[in-house]
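Trainee: Could we go through this model together? I would like to begin with a helix and then move to the ligand.

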Amino acid sequence: MKVCVVGTGYVGLTTGVSLAFLGHEVTCVDLDQEKVDMLRGGRCPIYEPGMEELLAEAAQNLTFTTSYAEGVPGADVVFVAVQTPSAPDGSPDLRYLRSAAESVAQSLDHEFTVVVNKSTVPIGSGNWVDAILRDSFATRTDRPENCEFSVASNPEFLREGNAIHDTLFPDRIVIGSDNPRALEVLNQLYRPLINQTFTPPSFQPRPDDTTAVPLVSTDLASAELIKYAANAFLALKISYVNEIGQLAGKVGADITEVARGIGLDQRIGSRFLEPGVGWGGSCFGKDTKALIATASEYKYDMPIVQAARDVNQRQREIAVERLQSELRILKGRKIGLLGVAFKPNTDDLRDSPALDIASLLVARGARVKLHDPIAGDRFRREYPEMAPHLSDTLDGVFDDCDAIVLVTKWAQYLELDWGKFVGLMRTPIVLDGRNVLDQERMERLGYKYIAMAG
Ligand code: UDX
């Protein structure tokens, strides 16, 4: 099939490259010339393991352009995957989506095109995009005769750092539209994924338990709500384990054991029960906020989702309180934070716990040094005012340090030769922000170990 993808961020790029890999003819449109030039040269503008390899494997079916007129005409499916940043009131800012939809409508010419909202958009946006497409299409003097289009929602569930795996071997595919023909087109598009008939890329073998992928084919509003409800549920699962983790510390229970004990109940499930400094990233914070904002348009409260957000913020504060109660005085202390990215295997800094913890510490007069194996360059670019706090070396962080906080679970930190650095510190205190270090081992090496949760 002929596919156009508008926007080459995490979601757009992964969608475009994966569909090209599956054999569709894909054109990716992005207004950013620099990004397009990089992608044409086979380089990936984001850090995502395997993406450059997949780009190379799919190259013959892939075109990158800044022009809608090169991508949209003749397309069976147009994915719109532009950014939807949070507006100050918590609702997503749909400016980019509007202008993308207007531009798409100016180039539509195919007998039937499905325009898919791939960005996470508020419930009801499908109808909104449909109206924009129709208004913009109606302004054209060169309107083609036999040209129909319909809007669908196809939410994305990929995790950054695992984007290719999650796209090629998803738990499920969700498509939503009020037009049966649109659903049929998407069903066709995803056949190779649904039936798992493709040969996996050389570097990403098919998991043993993936034989076929369930398809949820539903109406527009349901597909839109599925995305928010799934992300909010995962977010509250993490906040729940964090809340229990704090209680575990008070009653003398071991949260790792507790999480294992409850997670083995198949109704609960063991994933997303890792306690720590809380979630970050582009989705959980934004989506929980947007869900609450949508509900409020209907004068409906969502106290459970709000509580998940509050607990998440409290975890950041608890990390700082732990340090304060250990060091007594934070003013003038040097605190080293290991990890700036919101999670390992990405250089994404959005809503990163490290940034919150660093700001809280600086506000209390501490001196902060940050380190990250991958996200340093991006941090310098995006937070130039905080750049002096970044250290390229671990020595620079540990040297004369009063306490270290493990914030991001990078493999490099888990495998670190911790014994080598203990002597550099002024007071060898380590706060394990992810509850992953071995307490006995750390104590043997001379550290004072503090767990984030019980
Ligand atoms: C998430 C969803 O998983 C994905 O389905 C959705 O489409 C986008 O948002 P992502 O933001 O890439 O993906 O990261 P994810 O791996 O889900 O982790 C989110 C955050 O939760 C990270 O900060 C991670 O460190 C934290 N987390 C995760 C925990 O604190 N504990 C856990 O048990 C799991």
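Trainee: Which residues of H1 are buried?

Mentor: The buried residues of H1 are Tyr10, Gly12, Leu13, Thr14, Thr15, Gly16, Val17, Ser18, Leu19, Ala20 and Phe21. Buried means under 20% relative accessible area, with a 1.4 Å probe and protein chains only. Helices here are DSSP runs of H or I with at least four residues, and strands are E runs of at least two, numbered from the N terminus.

Trainee: Before we go on, what kind of model is this?

Mentor: This is a predicted model, where local features need pLDDT of at least 70, side-chain atom pairs count only at pLDDT 80 or more, and totals for chains, interfaces and linings use all residues. Residues are numbered from 1 along each chain as its sequence is written, and side-chain values use heavy atoms, with hydrogens and water left out.

Trainee: Back to H1. How many Å should helix H1 span?

Mentor: Helix H1 covers residues 10-21, and at 1.5 Å a residue its 12 residues should span 16 Å. The expected span is 1.5 Å times one less than the number of residues. The end C-alpha atoms of H1 are 16 Å apart, which agrees.

Trainee: What follows H1?

Mentor: Gly23 does, with a positive phi near 110°.

Trainee: Now the ligand. Which residues are closest?

Mentor: Phe157, Glu160, Glu274, Cys283 and Lys343 are the closest of the 18 residues that surround the ligand. A residue is counted if one of its heavy atoms lies within 4 Å.

Trainee: Which polar atoms lie by the ligand's oxygen atoms?

Mentor: A polar side-chain atom of Lys227 lies 2.9 Å from a ligand oxygen, and one of Lys343 is also 2.9 Å from a ligand oxygen. For Glu274, a polar backbone atom is 2.8 Å from an oxygen atom of the ligand.

Trainee: How much of the ligand's area does the protein cover?

Mentor: The protein covers 91% of the 670 Å² of accessible area that the ligand has on its own. These areas are from the Shrake-Rupley method with a 1.4 Å probe.

Trainee: Which helix gives the most to the shell?

Mentor: Helix H10, residues 220-251, with three residues.

Notes:
Buried means under 20% relative accessible area, exposed over 50%, partly exposed in between (1.4 Å probe, protein chains only). A polar contact is a pair of N or O atoms within 3.5 Å; within protein, one must be able to donate a hydrogen and the other to accept it, and residues adjacent in sequence count only if both atoms are side-chain atoms.
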